[in-house]
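Please look over the sequence and the model shown here before reading on. The report that follows takes up strand pairing, aromatic rings and a few side chains in turn.

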Amino acid sequence: MSKVKYYYDPDTLSYRKIEPKKSKRYRNVLLFVLGSALFGLLGLVILLNTRWVNTPKELSLEREVRNYELQFDILSKKMQQMEQVLANIEDRDNNIYRLYFEANPIPEEQRKAGFGGINRYKSLEGFNNSEIIIDATKRLDIIQKQMVIQSKSLDEIAKLAEEKEKLLAAIPAIQPINNEELTRMASGYGWRSDPFTKARKMHWGMDFTAPRGTPIYASGDGKITRADNKSSGYGKHIRIDHGYGYISLYGHLSKYNVTVGQKVKRGDLIGFVGSTGRSEAPHLHYEIFKDGERINPINFYYGSLTAEEFENMLKHANQENQSLD
């Protein structure tokens, strides 16, 4: 309500109410309307500014969001690279390493299986970007699982490789007498004429003719199980247990260079050529057993002979001549 103003009238000696002029009243109304319009326009401008012109805090939040989007894109590309590298390693693991060591490949379903049971990603639901976040988290979980499986696989491959290395070192794979000291390969594995009875009988090893005292070498890694003359016909002889079912025998020695229980490596000096036992002349009688059965030693010389030397040996070994024991 507007304030009422008065003035003093000297003629009537009293206060009289001041009546505003109509022009002034119209002016006040006009000013009020203009003021209201002005304030309304100002309010509209402020409202528009808050919609289209962000505050410093909003600008900072927008920058953070853009940075998160960039970092997420980089993370996604890194995950893609990791998936490609893992896929390459898995392919090599299944088709090269495990194949070489005769191990069963790991099924693809096992490598890339998800996680069953409870919803592991429930806490990530309900956000604006929940779908993207859950998808990225699932990819990371699967990558982590693949890495664990691959790590265990490589541990297994390492053990298989170690066993393979031991096996390759244990197999009797070299000729027990050097070619330089060998007079000749007198007799091979198979049916031969007995030097004493002249009867045709099975010759279970190979005879290497060499001067008495010629060094004899272990054909593979192993442990000396016998070094005695208590086996009929062999005279002084040595047996080496190579493991994996392999045993090598060296007969008719003149003397030993090892003792029972001693561990030897391929190429170690174990004894010397002689003519003890049932022998016609100085030579080494050499046999190989696999799982208790005698097998042809000629198949195990890949570690010490050239192709030409092996072919020559094969030719002589196949001749059905007379053995020396």
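## Polar contacts around histidine 285

A polar contact is a pair of N or O atoms within 3.5 Å; within protein, one atom must be able to donate a hydrogen and the other to accept it, and residues adjacent in sequence count only if both atoms are side-chain atoms. By that criterion, the side chains of histidine 285 and glutamate 287 are joined by a polar contact of 2.6 Å, and a further one of 2.9 Å joins the side chains of histidine 285 and aspartate 207. The model is a predicted one, in which local features need pLDDT of at least 70 and side-chain atom pairs count only at pLDDT 80 or more, while totals for chains, interfaces and linings use all residues. Residues are numbered from 1 along each chain as its sequence is written, and side-chain values use heavy atoms, with hydrogens and water left out.

Histidine 285 lies in strand E14, where helices (H or I, at least four residues) and strands (E, at least two) are DSSP runs numbered from the N terminus. Histidine 285 has a relative accessible area of 4% and is therefore buried, on a scale where buried means under 20% relative accessible area, exposed over 50% and partly exposed in between (1.4 Å probe, protein chains only). Although histidine 285 and leucine 249 are 36 residues apart along the chain, their C-alpha atoms are separated by 7.9 Å.

## Aromatic rings and charges

The structure holds one aromatic pair; rings of Phe, Tyr and Trp (its six-membered ring) pair if their centres lie within 6.5 Å, and planes under 30 degrees apart count as stacked, over 60 as edge-to-face and the rest as tilted. The pair is tilted because the rings of tyrosine 250 and tyrosine 286 have their planes at 45°, with centres 5.3 Å apart. Tyrosine 250 lies in strand E10 (residues 246–251) and tyrosine 286 in strand E14 (residues 283–290), so the pair ties together parts that are 36 residues apart in sequence. Tyrosine 250 counts as buried at 0% relative accessibility, and tyrosine 286 likewise counts as buried at 0%.

A charge sits over a ring if NZ of Lys or CZ of Arg is within 6 Å of the ring centre and within 35 degrees of the ring normal. Lysine 290 lies over the face of tyrosine 246, at 5.0 Å from the ring centre, and the charged end of lysine 255 sits over the ring of phenylalanine 272, 5.2 Å from its centre.

## Strand pairing

Two strands pair if DSSP finds at least two bridges between them. Three strands form an open, antiparallel sheet in the order E7-E13-E11, with strand E7 (215–217) and strand E11 (253–256) as the edge strands, each pairing on one side only. Strand E13 (residues 269–273) is joined to E7 by three bridges, and leucine 269 in E13 is the bridge partner of tyrosine 217.

Elsewhere, strand E8 (residues 222–228) pairs in the antiparallel sense with strand E12 (residues 263–264) over two bridges, and glycine 222 stands opposite valine 264 in E12. Five bridges also join E8 to strand E9 (residues 237–243), again antiparallel, with histidine 237 in E9 as the bridge partner of aspartate 228.

## Aspartate 93 in helix H2

Aspartate 93 lies in helix H2 (residues 56–100) and, at 0% relative accessibility, counts as buried. The side chain of aspartate 93 makes a polar contact of 2.6 Å with the side chain of serine 153.
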